[in-house]
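Take a walk through this protein, one piece at a time. Keep the sequence and the picture side by side as you read.

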Amino acid sequence: GKEAIFCYASALELHGLSRYGLTNKYYLATNRSKREKILDELTIAFVDLRSADVGVEETTVGSKTVRTTNLERTIIDCLHKPKYCFGWENVNFALSKVRKVDSGKISKYLKQLATAGLFAKVGYTLEYFEEAWQVPKDILEELRLYTPKRPVRFITDVPGRLDKRWNLYVPEDLFE
């Protein structure tokens, strides 16, 4: 329906960033049933997307106009829940293909989503891609103000070294 929003792995595909191309599973944020639906060979997974109205745009796919999370929101969502993006490997691949982001939008969306651990993950990622994505230093300094009081892990259950600036445990070779 018109309220459906393509997100996570489906948004990565619509932005041309997924390593897997078209798949038979689509992720939609919607206020309808949360149970997966199977339509012929396609699976529709309904995802509870926090603040679904943040960072949504319309895009044309063939002759249809669909709603999807924009690039900046998609990056945030994928860093938050890589399991909905076919795993960290696909997220890492997508991040390496991004050429530029609107870091002001990312900062704005993070404040609307208000999740301290997400500030750390996204801030660390923006810092890593600072030159490639043309991220202003003032955005990084601003995001660092919202880091969590207690350390969080970049990837759940994966050990790593503590980056004290972001209060974040970062796995070795995270973006490799």
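Begin with strand 4, residues 42–47. Of its 6 residues, 5 are buried, so strand 4 is largely enclosed by the rest of the structure. Keep in mind that this is a predicted model.

Which strands pair with strand 4? Strand 2, residues 25–29, is one of them. Strand 2 and strand 4 run parallel and share 5 bridges. Look at tyrosine 27 to see one such link: its bridge partner in strand 4 is alanine 45. Strand 3, residues 37–39, also pairs with strand 4. Here the sense is antiparallel, and 3 bridges join the two. Isoleucine 38 faces threonine 43 of strand 4 across this pairing, as its opposite residue. What holds such pairs together in general? Strands of a sheet pair through backbone hydrogen bonds, either parallel or antiparallel.

Now follow the chain from strand 3 to strand 4. The two strands form a hairpin, with 2 residues between them. Aspartate 40 sits in that turn and has a positive phi of about 55°.

Go back to strand 2 and find leucine 28. Is leucine 28 buried or exposed? Its relative accessibility is 11%, and the cut-off for buried is under 20%, so leucine 28 counts as buried. Its contacts show what surrounds it. Leaving aside residues up to four places away in sequence, leucine 28 touches Ala4, Ile5, Phe6, Cys7, Ile44, Ala45, Phe46 and Val47. Isoleucine 44 is 16 residues from leucine 28 along the chain, and their C-alpha atoms are separated by 7.1 Å.

Strand 5 (residues 56–61) pairs with strand 6 (residues 64–69). The pairing is antiparallel and has 6 bridges. Glutamate 57 stands opposite threonine 68 of strand 6. This hairpin has 2 residues between its strands, and glycine 62 takes a positive phi near 65°.

Positive phi values also turn up elsewhere. Tyrosine 8 has a phi near 50°, which is positive although the residue is not glycine. Tyrosine 8 belongs to helix 1, residues 8–14. With a relative accessibility of 2%, tyrosine 8 counts as buried. Phenylalanine 86 is another case, with a positive phi near 65° in a residue other than glycine. Phenylalanine 86 lies in the loop between helix 2 and helix 3. Its relative accessible area is 29%, so phenylalanine 86 is partly exposed.

Turn now to helix 5, residues 116–128. How far apart should its ends be? At 1.5 Å a residue, its 13 residues should span 18 Å. The end C-alpha atoms are 19 Å apart, which agrees. Helix 5 is also largely enclosed by the rest of the structure, because 11 of its 13 residues are buried. Among the buried residues are Leu118, Phe119, Val122 and Leu126, and also Lys121 and Glu127.

What packs against helix 5? Helix 2, residues 71–80, is one partner. The two helices meet at an angle of about 115°, and their axes are 10 Å apart. The crossing is right-handed. From helix 2, Ile76, Leu79 and His80 take part; from helix 5, Leu118, Lys121, Val122 and Thr125 do. Sorted by class, this contact has 4 nonpolar, 2 polar and 1 charged residues.

Helix 5 also lies across strand 7, strand 8 and strand 9, and it runs at about 45° to strand 9. These 3 strands form an open sheet in the order 7-9-8, with mixed pairing. Strand 7 (152–153) and strand 8 (161–163) are at the edges, and each has a single partner strand, so one side of each is left without a neighbour in the sheet. Strand 7 and strand 9 (residues 168–170) run parallel and are joined by 2 bridges. Valine 152 stands opposite leucine 168 of strand 9.

End at a loop. Leucine 145 lies between helix 6 (137–144) and strand 7. Is leucine 145 buried or exposed? Its relative accessibility is 69%, so leucine 145 counts as exposed. Leucine 145 and serine 103 are 42 residues apart in sequence, and their C-alpha atoms are 16 Å apart in space.

Conventions:
Residues are numbered from 1 along each chain as its sequence is written. This is a predicted model: local features need pLDDT of at least 70, side-chain atom pairs count only at pLDDT 80 or more; totals for chains, interfaces and linings use all residues. Side-chain values use heavy atoms; hydrogens and water are left out. Helices (H or I, at least four residues) and strands (E, at least two) are DSSP runs, numbered from the N terminus. The expected span of a helix is 1.5 Å times one less than its number of residues. Buried means under 20% relative accessible area, exposed over 50%, partly exposed in between (1.4 Å probe, protein chains only). Two strands pair if DSSP finds at least two bridges between them. Contact means heavy atoms within 4.5 Å. Axes are lines fitted to C-alpha atoms, for helices over the stretch in contact, and angles run from 0 to 180 degrees between N-to-C directions. A crossing is left-handed if the near helix is turned anticlockwise from the far one by less than a right angle, and right-handed if clockwise. Ala, Val, Leu, Ile, Met, Phe, Trp, Tyr, Cys and Pro count as nonpolar, Asp, Glu, Lys and Arg as charged, and the others, Gly among them, as polar.
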